[in-house]
Amino acid sequence: MQSMLSSSLINTAAGLLSLVAGLGSSVLVARLLGVEGAGLVAYALWIMSLATLVSGFGMPHTVLRFIARTDGGPEGGGLVNVLTRRFALSTGIVGAALCAYAIWIGLQGNGDSSLMWIATTVLFLTYGYSTMALAAAEGLGRFRESTFYAAVGSLIQPFSVLVGGLLLGPAGAIFGHALRHLPQALSLRRYMSKGPAAPSVVTPAMRRYARDNWLSGGLSAILSSRIELALIGLFFTLSDVGFYSIGITMSGMVIQVALFLVATLVPYLGHHYDRGDREALTRVFNRSLLGMTIVLAPISFGGAAIAPVLIPFLFGAEFTPSISVSVVLLVFCLSQALEYVPGRLLLATERSSEALRLSIVSGLISVILLMLVVPRYGGEGAAWAKGAVSVGTMVFYAIFCKRVLGVSFRLAGLFKVLAAAVLCAAAARACMWWLPGPSGMLLGIVAGAVVYGVGLLALNAIPAEDRAMIADWAAGRIPNRLAGILRSALLVR
């Protein structure tokens, strides 16, 4: 495998590109299709995620965790071959059901809705196969390949969404989103073994692991992942769904970067767990948690600070009602993103049954809170409820990892990073108060970045060992002058 630092930096770059592409696509959808059109596209993306989790039966997670054991040789062991055949059957059944529903709606004379469901089916299938290909690439440590296909898809996405939206409206925008995942989906054949694959390659432990992850993911999707969209649509209007979808878009960009950042974790953590190296497992876990916090905290808090200007500027004045929801979702999306690190630790240590129980409990709490607050407080109430559940989940993870896994969170460094991010947000908001409008927002972004960097150094948020490791990694990989400047900045204390 590549070094974890190299892999993480590659995935960080891909995640930031994906963030820009996703945000640009969402802006195009909002500008082209308006509030209700944005709400329809948000529904389609939710159905995509839900259908993939339900029909996948935990197979992508199983490939990610076990492919290095079975398919690591030159000929491969056939795990991808066997699970892809099963995956094709389950997703094919769901896809056929969605198509049948689309045809039935068309026969009722509603051609636009029929086309929407056909587009959603295509989106679901391309996304589903892309998850299998991504799991195989990351499980084998081939992060450059997975990043390449993700980058190609990200470059395609804004243009395909624009053309699709102009030609076919919401259905065309959904087709455009489907093209984002097509390059990754088509790469799945690269990870299949050349020889025949016996079904026995899938062991009982793998089946149990897949079952627990399927139940966990499915319950999470049904009980807590975007169920608030359905509740808001039930108690309010499609326009309210559209306003909430902007908050989802803003916070979802942070979550998307987080998914790229944790892509390396299961293979590396699993490697140390299989070797019984508890010290390395703890070190990699805490470095990953700190690194993700360093990258995402200023985006989360800083994004919330500039949202009152950024949202009308990007999406248009008609989306001004979505500001309050977006601010809440952006603040709490950090804790939601950080959940992925201990969650991946559970997967790497084959604690899938504990992950399942956590999904059930957190999902039920989320549904109860949402049903209590959404009818009265709408989207903003939903945002606060989701935030409370995500913070509670992180607290549980901290206790569980220490008591059960023997892996303690290094909280001091995390809180220092959060303090620097708060200073970053305060600097950005002060600039917008001093100079209202987009100019103040741009000034705030620059000032916030400077304050954040200074804050990290002043608070000594990054351990000296980790700073030295980054400086050593950069030597020989970037120009000497830049490497020297970086080393001086990192080792200033």
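Before we set off, keep in mind that this is a predicted model.

**First stop: a threonine and its neighbours**

Select T393 and display its surroundings. Leaving aside residues up to four places away in sequence, T393 touches E339, L358 and S362. T393 itself sits in helix α14, which covers residues 352-405. Is T393 buried or exposed? Its relative accessibility is 8%, below the 20% limit, so T393 counts as buried.

**Next: a pair of helices, α5 and α6**

Now select residues 143-168 for helix α5 and residues 170-186 for helix α6. Their axes lie 7 Å apart, and the packing angle is about 165°. Angles over 145 degrees count as roughly antiparallel, so that is how α5 and α6 run relative to each other. Look at the way they pass: α5 crosses α6 in a right-handed sense. Colour the contact by residue class and you will find 12 nonpolar, 11 polar and one charged residues.

**Then: a second pair, α15 and α16**

Move on to helix α15 (residues 411-434) and helix α16 (residues 438-458). Here the axes come within 7 Å and cross at roughly 155°, and the two helices are therefore roughly antiparallel. The crossing of α15 past α16 is right-handed. To see the contact, show side chains on α15, including V417, L423, M432 and W434, and on α16, including M441, L443, V451 and Y452. Glycines take part too, among them G440, G444 and G448 of α16. What classes of residue make up this contact? There are 16 nonpolar, four polar and no charged residues.

**Two loops with positive phi**

Most residues other than glycine have a negative phi. With that in mind, select F57, in the loop between α1 (4-56) and α2 (59-70). Phi of F57 is near 50°, a positive value. F57 has a relative accessible area of 40%, so it is partly exposed.

Now jump to N460, in the loop between α16 and α17 (464-474). N460 is not a glycine, yet its phi is positive, at about 55°. With 32% relative accessible area, N460 is partly exposed.

**Last stop: cysteines**

Select C401 and show its surface: at 0% relative accessible area, C401 is buried. C99, at 30%, counts as partly exposed. How many disulfides does a search of the whole structure find? The search finds zero.

Notes. Residues are numbered from 1 along each chain as its sequence is written. This is a predicted model: local features need pLDDT of at least 70, side-chain atom pairs count only at pLDDT 80 or more; totals for chains, interfaces and linings use all residues. Side-chain values use heavy atoms; hydrogens and water are left out. Helices (H or I, at least four residues) and strands (E, at least two) are DSSP runs, numbered from the N terminus. Buried means under 20% relative accessible area, exposed over 50%, partly exposed in between (1.4 Å probe, protein chains only). Contact means heavy atoms within 4.5 Å. Axes are lines fitted to C-alpha atoms, for helices over the stretch in contact, and angles run from 0 to 180 degrees between N-to-C directions. Angles under 35 degrees count as roughly parallel, over 145 as roughly antiparallel, 65 to 115 as roughly perpendicular and the rest as oblique. A crossing is left-handed if the near helix is turned anticlockwise from the far one by less than a right angle, and right-handed if clockwise. Ala, Val, Leu, Ile, Met, Phe, Trp, Tyr, Cys and Pro count as nonpolar, Asp, Glu, Lys and Arg as charged, and the others, Gly among them, as polar. A disulfide is a pair of cysteine sulfur atoms within 2.5 Å.
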